[in-house]
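The following exercises concern one protein chain. Please study the sequence and the structure before reading each solution.

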Amino acid sequence: MLISFSLLTCSCSFPGEAGGAEEVSEPSAVASVSGIGWEWETPSEREILAVEPVAMGAAVFMDTGVAVLHGGTGEEVWSYLVPEQEAFAAGLTVDGASLLVARGPSSDEPPEETLMLDADSGDSTGEFRVREGFAPWDLWSASEAERVHRPPGVVEEYRPLSVIDVASGDQRWEQEAPLTCEADPGLASQQPDSLIHDSLLLVLVVCSPERFEDPLEVTTAVVALDIADGQEVWRKEFTHESVGTFLNASIAVEGNALLLEGRDLPEAHVINVPDGEILASTPRTVVGMFEGEILAWDGSSEGHRYDLLGTDLETVESVEFSERSGGSLLSEEDVLPLGDGLVSVEVLEEDGAPSALALGFTPWGGAETEVLDSGFPIEAGDYFDRFTGQLVEVPGAVVLVDGRSPEPTQLVAYQ
């Protein structure tokens, strides 16, 4: 999804320029929410691509630029905009301190301008270079000094990973062959995910037979490579049976803890990044990792239970729902843990039909959920059959994003 937008303040940048506003203080994290704090209006026929947390609040990515909104007030801190007819792409660095932006007449050609922008001020800190054939418009996988490139291609094709220095454009190394699994090096392999952590490139590798029979014996591996030269530092492999040809698995890192989880995996694992040691494993359904803690879900026809776990997978906090409004429109992943409780997406109904999206807040300990002010209306007969927007915690607010709302407001911040 892509978007252009109208700004809440008059501190606008001219097209193609990064503009910094007067120095403002960084907002702090929110521990709970009680209502709508601010809203953001977008012009018609525009959609939000993504919202990511940065120190000042929310970085809003669009097809025509990027803007950073202050998480406490919703006011624009800075923006970088280009004319609608230009191609544009942006990516946030791993540490959240900088953004890489690229612009040019067409996405079929290499970008004409590639800049690194300070995430706090929007000031340019220099240019980075891209080389033809290295997906120059794909800036989502970025770090301060390196970018991991996946050449364009369908999922089934092997796409070699390579690492270049973004300041000089020099390639550090490129894979000569895909990573395989030691359990059976002859199996076909895929590299569906990769992350940068300090001096390591962490790669998720899935190896399975090239046949369409259930169940399949699949090996899932996490391989740590030295980002300087691509040499293997450590790996952890897990072999299990799977009932599908496309395994649902992902990796996430916070601090020195790596979380490997997925619906098709019999267990989720927490791995120590520096040495690859398995810290803990659990057969429970894991929603994700948040600020170094892990949210797990147990559901049945009687209700839903969410447990916040430490990296040792011991329970820290819990809440239980006897039921949640919205039914099949929601999944167990439409939730977000805060310091004082759990935020959940709620679908409000009118005359038995979905009518609006809102947030709910449930204090830790299982107390009743408070449904807050409505954020987005849902049109009768809409193709909306599941919440596919974003629920994002940013400094100063919890942001609910939905690009399919019939109203111009597509971003609502709860505080």
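**Exercise 1.** Which residues does Asn272 touch, not counting residues up to four places away in sequence? State also whether Asn272 is buried or exposed.

*Solution.* The model is a predicted one.
Step 1: locate the residue. Asn272 lies in strand S20, which covers residues 268-272.
Step 2: list the contacts. With residues up to four places away in sequence set aside, Asn272 touches Trp234, Asn256, Glu277 and Leu279.
Step 3: apply the cut-off. Buried means under 20% relative accessible area. The relative accessibility of Asn272 is 17%, and therefore Asn272 counts as buried.

**Exercise 2.** Describe the chain as a whole.

*Solution.*
Step 1: count the elements. The chain contains 32 strands and 0 helices.
Step 2: consider burial. Of the 415 residues in the chain, 51% are buried.
Step 3: consider the surface. The accessible surface is about 18800 Å², and carbon and sulfur atoms account for 45% of this area.
Step 4: consider the contacts. Among those between residues at least 6 apart in sequence, 49% join residues at least 24 apart.

**Exercise 3.** How many residues has the largest nonpolar core, and which have the most contacts inside it?

*Solution.*
Step 1: the largest nonpolar core has 32 residues. Those with the most contacts inside it are Tyr306, Val343, Leu359, Val398 and Leu400.
Step 2: take Leu359 as an example. Beyond its neighbours within four places in sequence, Leu359 is in contact with several residues, among them Val343, Val398, Leu400 and Tyr414.
Step 3: note that a second, separate core has 19 residues, including Ala59, Phe61, Val82 and Leu99.

**Exercise 4.** In what order do the strands of the open sheet that contains S7 lie, and which strands stand at the edges?

*Solution.*
Step 1: the sheet has 4 strands in the order S7-S8-S9-S10, with antiparallel pairing.
Step 2: strand S7 (87-92) and strand S10 (124-127) each have a single partner strand, so one side of each lacks a neighbour in the sheet.
Step 3: from one strand to the next, the twist averages 25°.
Step 4: examine one pair. Strand S9 (residues 113-118) pairs with S10 in the antiparallel sense over 3 bridges. The bridge partner of Leu115 is Glu127 in S10.

**Exercise 5.** Are Glu291 and Leu313 buried or exposed?

*Solution.*
Step 1: recall that most residues other than glycine have a negative phi. Phi of Glu291, however, is near 50°, and phi of Leu313 is near 65°.
Step 2: Glu291 is in the loop between strands S22 and S23, and Leu313 is in the loop between strands S24 and S25.
Step 3: Glu291 has a relative accessible area of 69% and is therefore exposed. Leu313 has a relative accessible area of 14% and is therefore buried.

Note on methods: Residues numbered from 1 in each chain as written. Predicted model: local features only at pLDDT ≥ 70, side-chain atom pairs only at ≥ 80, totals over all residues. Heavy atoms only, no water. Helix = DSSP H or I, 4+ residues; strand = E, 2+ residues; numbered from the N terminus. Buried < 20%, exposed > 50% of the residue type's maximum accessible area, 1.4 Å probe, protein only. Contact = heavy atoms within 4.5 Å. Core = buried A, V, L, I, M, F, W, Y, C linked by side-chain atoms within 4.5 Å. Areas by Shrake-Rupley, 256 points an atom, 1.4 Å probe, with all protein chains shown as cover. Pairing = 2+ DSSP bridges. Axes fitted to C-alpha atoms, helices over the stretch in contact; angles between N-to-C directions.
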